[in-house]
Amino acid sequence: RGLSVAFLESGFLQDLAVGDEEVVYDIEPRIRARGEGHVCPRDNRPGAAYVDVADDPLAGCSTIMLSYTWGYRVTEIVSALCQYCNNRDVPLSAVRTWICCICVNQFRVKEAS
């Protein structure tokens, strides 16, 4: 399951109040906080991945997977995804992206560490 680039450009950045200079490491606590109080649909345990709680009506089966590092600025990641769509003349609403920080359940990552 992935989020649409259209949502990443608008809803995601606003939902998490992402600043221009913030990298993925900076926003991870907010990503995890959004899943707090929700049940994960994969293991039925408390704590869900952001992708499971995001208000993206276009979310669905991922069409691309993003490879990146958590040291990248979040706004640059989203900008690159928008440019990817624009370069291919594909609507932002048609591309759904699997990104580990929002698609992997960060509660389970914390539990395993």
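The model is a predicted one, in which local features need pLDDT of at least 70 and side-chain atom pairs count only at pLDDT 80 or more, while totals for chains, interfaces and linings use all residues. Residues are numbered from 1 along each chain as its sequence is written, and side-chain values use heavy atoms, with hydrogens and water left out.

Helices (H or I, at least four residues) and strands (E, at least two) are DSSP runs, numbered from the N terminus. Read from that end, the order of elements is β-α-α-α-β-α-β-α-α. The radius of gyration is 13 Å, close to the 13 Å that the globule rule gives for 113 residues, so the protein is as compact as a globular protein of that length. Here the radius is taken over C-alpha atoms, and the globule rule is 2.2 Å times the number of residues to the power 0.38. Along its principal axes, the C-alpha trace spans about 40 × 30 × 25 Å.

How much of the protein counts as buried? The figure is 45% of the 113 residues, where buried means under 20% relative accessible area, exposed over 50% and partly exposed in between (1.4 Å probe, protein chains only). The accessible surface comes to about 6,100 Å², and 52% of that belongs to carbon and sulfur atoms. These areas come from the Shrake-Rupley method with a 1.4 Å probe, and for residues only the protein chains shown count as cover. As for contacts (heavy atoms within 4.5 Å), 75% of those with a separation of 6 or more join residues 24 or more positions apart.

Next comes helix α1, residues 5-15, whose buried residues are V5, F7, L8, G11, F12 and L13. Their cover includes β1 (3-4), α2 (24-35), α3 (50-53), α4 (74-87), β3 (96-98) and α5 (100-103). G11 sits in this helix and is buried, with a relative accessible area of 18%. Between G11 and C85 there are 74 residues in sequence and 17 Å in space, C-alpha to C-alpha.

On a 1 Å grid over the protein atoms alone, a cavity is a set of points where a 1.4 Å probe fits but cannot get out, and lining residues have an atom within 4 Å of a point. The lining of the largest cavity is made up of L8, F12, V24, I27, V74, I77, V78, I99, C101 and I102. Two or more lining residues come from each of α1, α2, α4 and α5, with the largest share, three residues, from α4. By type, the lining has 10 nonpolar residues, no polar and no charged; Ala, Val, Leu, Ile, Met, Phe, Trp, Tyr, Cys and Pro count as nonpolar, Asp, Glu, Lys and Arg as charged, and the others, Gly among them, as polar.

Lastly, two loop residues. A17, in the loop between α1 and α2, has a positive phi near 45° and is exposed at 53% relative accessible area. N44, in the loop between α2 and α3, has a positive phi of about 55° although it is not a glycine, and N44 is exposed too, at 62%.

Notes. On a 1 Å grid over the protein atoms alone, a cavity is a set of points where a 1.4 Å probe fits but cannot get out, and a pocket is an open set with protein on both sides within 12 Å along at least five of seven lines; lining residues have an atom within 4 Å of a point.
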